[in-house]
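Please keep the sequence and the model in view while reading.

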Amino acid sequence: MAPRLPLSIKLTRRAVARRDLFCELVQKAVRPCQADAAFAFHAFAFKADEDGFARELMDRRTELWLFRSNQRASCGDFLAVDMSSPWPARRRAYVIELKRGMPVRLGGGAVGVQLRNAASAVQAVAQQGDVLGAEAAYVTVAGDGAEIVAMLGRGGRS
């Protein structure tokens with residue numbers, strides 16, 4: 001039986017920059033038994049250019065907290081929270097699904113199945129503490145990583 005994994009884990013700049021630290025981050029966040037460690041790592045591992053996207057976004061928008069989504073949970077590739085407001089209830093979240101070459105799409109129906117559990121992922125982050133309010137506002141964002149970085153680099157406005 002597969003282990004129960006969180007919907008997302010908070011990324012750090014150091015962990016995104018170094019694969020060994022990323023493995024350590026997953027290990028600390030998930031705490032899988034030895035037999036389930038590989039399963040847990042692969043649920044959060046980066047594919048293609050996802051690590052480059054994460055590094056670029058975290059470098060451009062230091063006020064964003066970036067979470068890696070569980071790739072088996074249909075809640076996007078990343079969840080970003082704009083920590084600019086001191087009040088969790090006023091913070092905005094972005095559930096991000098990367099699709100190479102696709103124009104950026106905001107809002108419902110952007111990529112269907114891959115974002116089916118977006119609301120659950122946002123609620124899971126809200127339950128972790130003072131990151132988001134219970135009724136957190138969020139928007140789904142799907143499209144090419146470079147275009148998403150450019151859009152969010154302007155403060156989230158398209």
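In helix 5 (residues 118-126), the buried residues are Ala-118, Ala-121, Val-122, Val-125 and Ala-126, where buried means under 20% relative accessible area, exposed over 50%, and partly exposed in between, with a 1.4 Å probe and protein chains only. Because these residues cover an arc of only 140° around the axis, they lie on the same side of helix 5; the arc is that of the directions from the helix axis to the C-beta atoms. This is a predicted model, in which local features need pLDDT of at least 70 and side-chain atom pairs count only at pLDDT 80 or more, while totals for chains, interfaces and linings use all residues. Residues are numbered from 1 along each chain as its sequence is written, and side-chain values use heavy atoms, with hydrogens and water left out.

**Overall fold**

- The chain holds six helices and six strands, these being DSSP runs numbered from the N terminus, with H or I over at least four residues for helices and E over at least two for strands.
- Followed along the sequence, the elements come in the pattern β-α-α-α-α-β-β-β-β-α-β-α.
- The radius of gyration of the chain is 15 Å, which agrees with the value near 15 Å for a compact globule of 158 residues; the radius is taken over C-alpha atoms, and the globule rule is 2.2 Å times the number of residues to the power 0.38.
- The C-alpha trace spans about 45 × 35 × 30 Å along its principal axes.
- Of the 158 residues, 48% count as buried.
- Among the contacts with a separation of 6 or more, 62% are between residues 24 or more positions apart, a contact being heavy atoms within 4.5 Å.

**Helix packing**

- The buried residues of helix 5 pack against strand 1 (8-10), strand 2 (64-69), strand 3 (78-82), strand 4 (92-98) and strand 6 (137-143).
- Helix 4 (residues 50-60) has Glu-50, Phe-53, Ala-54, Leu-57 and Met-58 buried, and because they cover an arc of only 120° around the axis, they are on the same side of helix 4.
- The cover over the buried residues of helix 4 includes helix 1 (13-17), strand 2, strand 3, strand 4 and helix 6 (145-153).
- In helix 3 (residues 37-44), the buried residues are Ala-40, Phe-41, Ala-43 and Phe-44, and they fall within an arc of 160° seen down the axis, so they line one face of the helix.
- Strand 1, helix 2 (19-30) and strand 2 are included in what covers the buried residues of helix 3.

**Two residues in their surroundings**

- Ser-8 is placed in strand 1 and is buried, with a relative accessible area of 6%.
- Leaving aside residues up to four places away in sequence, Ser-8 touches Phe-44, Phe-67, Arg-68, Ser-69, Asn-70, Val-125 and Gln-128.
- Ser-8 and Phe-44 are 36 residues apart in sequence, with their C-alpha atoms 8.0 Å apart in space.
- Pro-88 sits in the loop between strand 3 and strand 4 and is partly exposed, with a relative accessible area of 22%.
- With residues up to four places away in sequence not counted, Pro-88 touches Asp-130, Val-131, Leu-132 and Gly-133.
- Pro-88 and Leu-115 are 27 residues apart in sequence and 23 Å apart in space, C-alpha to C-alpha.
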